[in-house]
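Here's a quick tour of one protein chain for anyone just getting started with structures. Have a look at it first, then read on.

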Amino acid sequence: TASGTINISSTAGSIAVNSIVAGPAGGSGVTLSATAGAVTEAGAGDAGVDIDCGALVIDAATGVGSANAIETEASSVDVDNTTSGAIQLTESDAVTILNLTQAAAGNNIVFTSMGGTVTVDSVAATAVTASGAGTISITATGAASDVVIDNGISGGTGAVTITAGRYVEINYAVTSTTGQIEFVSSAAGPIYLGADITTAGG
């Protein structure tokens, strides 16, 4: 669109995304809702940006980029998945994660920024949640890319892995029921611990 938000909703099936651009330079919001299906990449396996927007909101039942990651260029992301399938998003630059909730037990969250800092920051106490054995992986690639955790990350029995090209800054609790929690600085940069890291095992 030339301006304004884009809202796409399906109550009976899935939404396949090829290319969505919202507003000038992708500055407007996009909301995708597939309450009985998945949000998928139409050109499966291509590396081009699928969604270029400001605030991105996705609600799905059976996965978000589950088979092939959806490529985004968004200022913020807010994603809920309820029943089955993974959440997989690949962001092109810096982004704020407002919410990544994986309610489908045993299914994973994989979020990667290809060139910018990832900030986890929500109005809720917990911004990123996986259920059961589902794993959480948040990665910011690039020598100047950080992961800044300003709101909670909560895993179940699956591993939680946070990887940054420069440094990891932990300002809010990261917890796991029994899964392993791992922080990695790819360039041997510092890892700032400003909050509790808690797991009962792993």
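Of the contacts in the protein chain with a separation of 6 or more, what share comes from residues 24 or more positions apart? The figure is 37%. Keep in mind that this is a predicted model. In terms of secondary structure, the chain has 23 strands and zero helices.

**Overall build**

- With a radius of gyration of 16 Å, against the 17 Å that the globule rule gives for 202 residues, the protein chain is as compact as a globular protein of that length.
- If you boxed up the C-alpha atoms along the principal axes, you'd need roughly 45 × 35 × 30 Å.
- Buried residues account for 47% of the 202 residues in the chain.

**The eight-stranded sheet**

- As a bit of background, strands of a sheet pair through backbone hydrogen bonds, and they can do it parallel or antiparallel.
- Here, eight strands line up as an open sheet with parallel pairing, and the order is S3-S6-S8-S10-S12-S15-S18-S21.
- The edges belong to strand S3 (20-21) and S21, and each of these pairs on one side only.
- Within the sheet, strand S6 (residues 51-52) is joined to strand S8 (residues 70-73) by two bridges, in the parallel sense.
- In that pairing, aspartate 52 sits opposite glutamate 73 in S8.

**A closer look at S21**

- Ile191, Leu193 and Ile197 together make a nonpolar surface patch of about 260 Å².
- Leucine 193 belongs to strand S22, which spans residues 191-193.
- Is leucine 193 buried or exposed? Leucine 193 counts as exposed because its relative accessible area is 61%, and the cut-off for exposed is over 50%.

Methods:
Residues are numbered from 1 along each chain as its sequence is written. This is a predicted model: local features need pLDDT of at least 70, side-chain atom pairs count only at pLDDT 80 or more; totals for chains, interfaces and linings use all residues. Side-chain values use heavy atoms; hydrogens and water are left out. Patches are made of residues with over 30% relative accessible area and no salt bridge: like charges are joined within 9 Å, nonpolar side chains (Val, Leu, Ile, Met, Phe, Trp, Tyr) within 5 Å. Accessible areas come from the Shrake-Rupley method with a 1.4 Å probe; for residues, only the protein chains shown count as cover. A salt bridge is a side-chain nitrogen of Lys or Arg within 4 Å of a carboxyl oxygen of Asp or Glu. Helices (H or I, at least four residues) and strands (E, at least two) are DSSP runs, numbered from the N terminus. Buried means under 20% relative accessible area, exposed over 50%, partly exposed in between (1.4 Å probe, protein chains only). The radius of gyration is taken over C-alpha atoms; the globule rule is 2.2 Å times the number of residues to the power 0.38. Contact means heavy atoms within 4.5 Å. Two strands pair if DSSP finds at least two bridges between them.
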